[in-house]
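User: Hi! Could you walk me through this model? I'd like to hop between topics as we go.

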Amino acid sequence: MTTNPLKTIRAGMVGMGMIFDETYRPFFETARAEGLYDRKFGDVSVELSAVATRTGKRAEAYRNRAGDAIHSFESFSGEDSVDQMLAANLDFACVATPDNRHFEASKKVLEAGTNLLVEKPSVLRLQELDELQRIAEEKNVLAKVVYHKLLDPDHKKMRTLVADGVLQHVNTGYCSLLEPKSISGGQFAEWIRGRNPGTYVAVHYIKLIDFSFGGKLKTITASGQRGLVGPADGNTWDSNQMKMVYEYDDGREAAFDIHTSWVTPDNFPGYVEQEVQFRFDNGLWNGHSRKRGVEATVEDLTPFKMKNSINNHYNGEFLEPWGQRSQRGYGIEVIERYAREVAYLEHGGPKEERPIRLGELRSLSYNDVSADRQTVAAVQALEAILEKAAAGEPDCTVRVNCQHGGLVLYRPGSSEYEILYEGTV
Ligand SMILES: NC(=O)c1ccc[n+]([C@@H]2O[C@H](COP(=O)([O-])OP(=O)(O)OC[C@H]3O[C@@H](n4cnc5c(N)ncnc54)[C@H](O)[C@@H]3O)[C@@H](O)[C@H]2O)c1
């Protein structure tokens, strides 16, 4: 391995679960072997220097498994693990804890003056987003969110056609992402109580819609089913359907439905079922992420150990034509992009010009927390509507920037309303 000891970015990792293994791990391993190079910042080494997890077990298992594939890292566990990790003089830290535990760790990262990369959804409430944004500005660091579906080549193509005016004015959209039962029953069983698949996965499409079409979010409604993951009258959801209405500059509206589930049978032919349909004034875009080309059957392997249809665009292990083993895809590319942003910020020119570089990077709306407001608003609305439904008050509606506040929940048949967020979304 060749490294330039003068230019190194040191990284921290909070949470080492499924998504660490799928995307962060291959990124850090490849970056250790190859570094990052760009004419703007030169040859930069990336080191995974410290990690924080609840028990430390996964960190130790990974350390043993990875051997020399990863830089030697300090591992902290327990209550103050994030604080201890942050004492390791890091340039950036990634937060990949369960959805409802992003805020606390992210706040600590920013308060320590460390650049942040947090998994989607960034946070569950606009009040928390405000706080992260405020601290990031005060400490002059980046606060960024991972939305890898924005880097899916199919979604990039659709957005390009919209940006170029080939597809004109979106009218309606339908998106669906169905996860297998093994996710709710195994992988997430430990923290799934009181949670819903909407926040976890619909947020990918909320962001795709928000980022691709712009406009102003107006209204959110939602429903769902219970009884498999938890009791039929409880607050843990099997599946959810949400609707968002947007308004555009010309006063016209579009409506989007997003359906999610984490109780699809495990013998399903793909890892997840994902499709989108968007209708425009002059066209139609249909995308199916599972059916985009491959269907393989292998005795004794499919469909449990290996799936029939594989999303080789998101993340795949490959034997490259030149003999090298690799793991790549847009799920990993999105993390590399962020590391390149940090390398550019910290090593891309004179220190006095760092504020200019910081401003440039903050203006990237695909991942900056300042551009996550409508996405977090939709998530906050969804969570509030589901909470009311679980408490026996279904069919509430949340309106955005209306006469009573920034995010306001209305009950059917009642003049009472609840302000979820006072400020403008
Ligand atoms: N980008 C994607 O498509 C994608 C896919 C899966 C998950 N995710 C996101 O990644 C996050 C994690 O999901 P996952 O699938 O890896 O979950 P997981 O349950 O597999 O792993 C969670 C990890 O967080 C650790 N953890 C929990 N509480 C902690 C705390 N307070 N401090 C430190 N560590 C803590 C756990 O020990 C575990 O290592 C979620 O926000 C999820 O939405 C993103």
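Analyst: Happy to; we can go through the domains, the ligand, the sheet and a few local details. Keep in mind that this is a predicted model.

User: Good to know. Which domains is the chain divided into?

Analyst: There is domain 1 (8-149 + 323-362) and there is domain 2 (153-310). Taken over C-alpha atoms, their centres are separated by 26 Å. Eight residues from domain 1 and nine residues from domain 2 make up the contact.

User: What kinds of residues are on the side of domain 1 that touches domain 2?

Analyst: Five are nonpolar and three are charged, with no polar ones on that side of domain 1.

User: And where does the ligand lie relative to the two domains?

Analyst: The ligand lies between them, because domain 1 and domain 2 both give residues to the shell around it.

User: Nice. Which residues come nearest to the ligand?

Analyst: Gly15, Gly17, Met18, Ile19 and Glu119 do, out of 25 residues around the ligand.

User: Switching topic: what is the strand order in the nine-stranded sheet?

Analyst: The order is β13-β12-β8-β11-β10-β9-β16-β17-β18, in an open sheet with mixed pairing. β13 (283-288) and β18 (417-421) are at the edges with a single partner strand each, so one side of each has no neighbour in the sheet. From one strand to the next, the twist averages 15°.

User: How do the partners of β8 run, parallel or antiparallel?

Analyst: There is one of each kind to describe here. β12 (residues 273-280) runs antiparallel to β8 and is joined to it by eight bridges, with Thr172 opposite Arg279. β11 runs parallel to β8, again with eight bridges, and there Leu177 has Thr260 as its bridge partner.

User: Off to the helices. Why is α4 described as largely enclosed?

Analyst: Because seven of the 10 residues of α4 (residues 102-111) are buried. Those are His102, Phe103, Ala105, Ser106, Lys108, Val109 and Leu110.

User: What do they pack against?

Analyst: Several elements: β1 (8-14), α3 (81-86), β5 (92-95), β6 (115-119), α5 (126-139) and β7 (143-146). After α4 comes Gly113, which has a positive phi near 75°.

User: Speaking of backbone geometry, where are the cis peptide bonds?

Analyst: One joins Lys120 and Pro121, with omega about -15°, and Pro121 is in the loop between β6 and α5. Another runs from Thr302 to Pro303, with omega near 0°, and Pro303 is in the loop between β13 and β14 (316-319). For context, most peptide bonds are trans.

User: Which residues other than glycine have a positive phi?

Analyst: Asp300 is one of them, with phi near 70°, and Asp395 also has a positive phi, of about 70°. Asp300 is in the loop between β13 and β14, while Asp395 is in the loop between α11 (373-390) and β16.

User: Are those two buried or exposed?

Analyst: Asp300 counts as exposed, because it has 7 C-beta neighbours inside 10 Å. Asp395 is partly exposed, with 14 other C-beta atoms within 10 Å.

Note on methods
Residues are numbered from 1 along each chain as its sequence is written. This is a predicted model: local features need pLDDT of at least 70, side-chain atom pairs count only at pLDDT 80 or more; totals for chains, interfaces and linings use all residues. A residue is near a molecule or strand if its C-beta atom, placed from the backbone, lies within 6 Å of it. Domain bounds come from an automatic or database domain assignment. Two strands pair if DSSP finds at least two bridges between them. Helices (H or I, at least four residues) and strands (E, at least two) are DSSP runs, numbered from the N terminus. Axes are lines fitted to C-alpha atoms, for helices over the stretch in contact, and angles run from 0 to 180 degrees between N-to-C directions. Two residues are in contact if their C-beta atoms, placed from the backbone, lie within 7 Å. Ala, Val, Leu, Ile, Met, Phe, Trp, Tyr, Cys and Pro count as nonpolar, Asp, Glu, Lys and Arg as charged, and the others, Gly among them, as polar. A residue is buried if 20 or more other C-beta atoms lie within 10 Å of its own, exposed if 12 or fewer, and partly exposed in between; C-beta atoms are placed from the backbone.
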